[in-house]
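I want to go through the model piece by piece and jot down what I find.

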Amino acid sequence: MSAGSALPGRKKDFSPTAVFTAGLGTATFRGNFLPAKYAKGRETKRFFFRVLSRISRVIFSLLMAIRKITEYPADVLGQVGKPVTEFDNSLAELCADMFDTMYDAEGVGLAAPQIGLNLRLFVMDCHDVKLIAANPEIIATEGEQSGQEGCLSVGKVPAVVVRPMKARLRAQDVKGEWFEREAEGYAARAFLHETDHCDGKLFIDRLPKLRRDMVVKRFKKEKSWK
Ligand code: NI
């Protein structure tokens, strides 16, 4: 029951004092006492706010280069990526687009096949590990962890995947310099997940058939709602 309905017969009392006093109550209470002309003003404000936020979103997406995310079962997601050979400005721009796309989708990692490019390249920003990895390879692993994992190309539907606890990555940066980086826990999981993408492997390929089918089924169902 809203506060307004507890006071029958007062709905037409629209003196400013009544409105103000009523306004000290809950939002619903004030809503019930607000005369039509004030309500109209509020609606107009809401309308302009909606228009402004839409315009700012459009400007934001124009400034950021957000690419379309490729989704399962696109062929490119199952192909072994080609090595990155050119370390020029266009690679730097591509990586910037990949970061924008990843942040926009609220992901922690994004590989080139996920934007339709058959390339061995990924970006990530996860648990203080922010990097660009071209031609990545996992050169050492240690231990084991079991945890939830999802993928932007499979609608973020989560599933438990067993992975090594630690992983050592070897890759080239945006200028072509080779580097090695070790990570643990969730960041190690990202190293492994994204390197898998470059090898044409999705996290669902690491699941038992029954669970893989469940993830795919849920992903397709959620997609059909959109
Ligand atoms: Ni993924």
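**Helix 5**

I started with helix 5 and asked which of its residues are buried. The buried ones are Ala-187, Ala-188, Arg-189, Ala-190, Phe-191, Leu-192, His-193, Glu-194, Thr-195, Asp-196, His-197 and Cys-198. That makes twelve of the 14 residues, so I'm noting helix 5 down as mostly covered. This is a predicted model, by the way, so everything here is read off a prediction.

I checked the length of helix 5 too. Just after helix 5, I found Gly-200 with a positive phi of about 75 degrees.

I looked up the confidence next. Mean pLDDT for the protein is 85, and 81% of the residues reach 70 or more. Residues 1-33 are another story: pLDDT stays under 50 there, and the model has 24 contacts for them beyond four places in sequence.

**Overall layout**

I counted six helices and seven strands. Going from the N terminus, the order is α-α-α-α-β-β-β-β-β-β-β-α-α. Of the 226 residues, 27% count as buried. I also looked at contacts between residues at least 6 apart in sequence: 64% of them join residues at least 24 apart.

**The core**

Which residues have the most contacts inside the largest nonpolar core? They are Phe-122, Val-123 and Phe-191, in a core of 41 residues. Helix 4 (89-104), strand 1 (109-111), strand 2 (121-126), strand 3 (129-142), strand 6 (166-172), helix 5 (185-198) and helix 6 (209-225) each put in at least two residues. Helix 5 gives the most, with six. As general background, nonpolar side chains in soluble globular proteins tend to be buried together.

Leaving out residues up to four places away in sequence, Phe-191 touches Ile-138, Ala-167, Leu-169 and Ala-183.

**Helix 4**

Helix 4 was next on my list. Its 16 residues should span 22 Å at 1.5 Å a residue, and its end C-alpha atoms are 22 Å apart, which agrees. Buried in helix 4 are Leu-91, Leu-94, Cys-95, Met-98, Thr-101 and Met-102. Looking down the axis of helix 4, I see these buried residues fall within an arc of 125 degrees, so they line one face of the helix. The background for that spacing: an α-helix has 3.6 residues a turn, so residues three or four places apart point the same way.

What do the buried residues of helix 4 pack against? Strand 1, strand 2 and strand 3. On the other side of helix 4, Asn-89 and Glu-93 are exposed. Just after helix 4, Glu-106 takes a positive phi of about 55 degrees.

**Strands 3, 6 and 7**

I traced the pairing around strand 6. Strand 3 and strand 6 pair in the antiparallel sense over six bridges, and strand 6 is joined to strand 7 (residues 178-184) by seven bridges, also antiparallel. Arg-168 in strand 6 stands opposite Ala-140, and in strand 7 the bridge partner of Arg-168 is Glu-182. Leu-169 has Arg-181 as its bridge partner in strand 7.

The hairpin of strand 6 and strand 7 has five residues between the strands, and there I noted Gly-176 with a positive phi near 95 degrees.

**Ala-134**

Last stop: Ala-134, which sits in strand 3. Is Ala-134 buried or exposed? I get 26 other C-beta atoms within 10 Å of Ala-134, and the cut-off for buried is 20 or more, so Ala-134 is buried. Ala-134 touches Val-84, Arg-120, Leu-121, Ala-171 and Gln-172, again not counting residues up to four places away in sequence. I also took the distance from Ala-134 to Cys-198: they are 64 residues apart in sequence and 9.4 Å apart in space, C-alpha to C-alpha.

How values were computed. Residues numbered from 1 in each chain as written. Predicted model: local features only at pLDDT ≥ 70, side-chain atom pairs only at ≥ 80, totals over all residues. Core = buried A, V, L, I, M, F, W, Y, C linked by C-beta atoms within 7 Å. Helix = DSSP H or I, 4+ residues; strand = E, 2+ residues; numbered from the N terminus. Contact = placed C-beta atoms within 7 Å. pLDDT = per-residue confidence, 0-100. Pairing = 2+ DSSP bridges. Expected span 1.5 Å × (residues − 1). Arc of directions from axis to C-beta.
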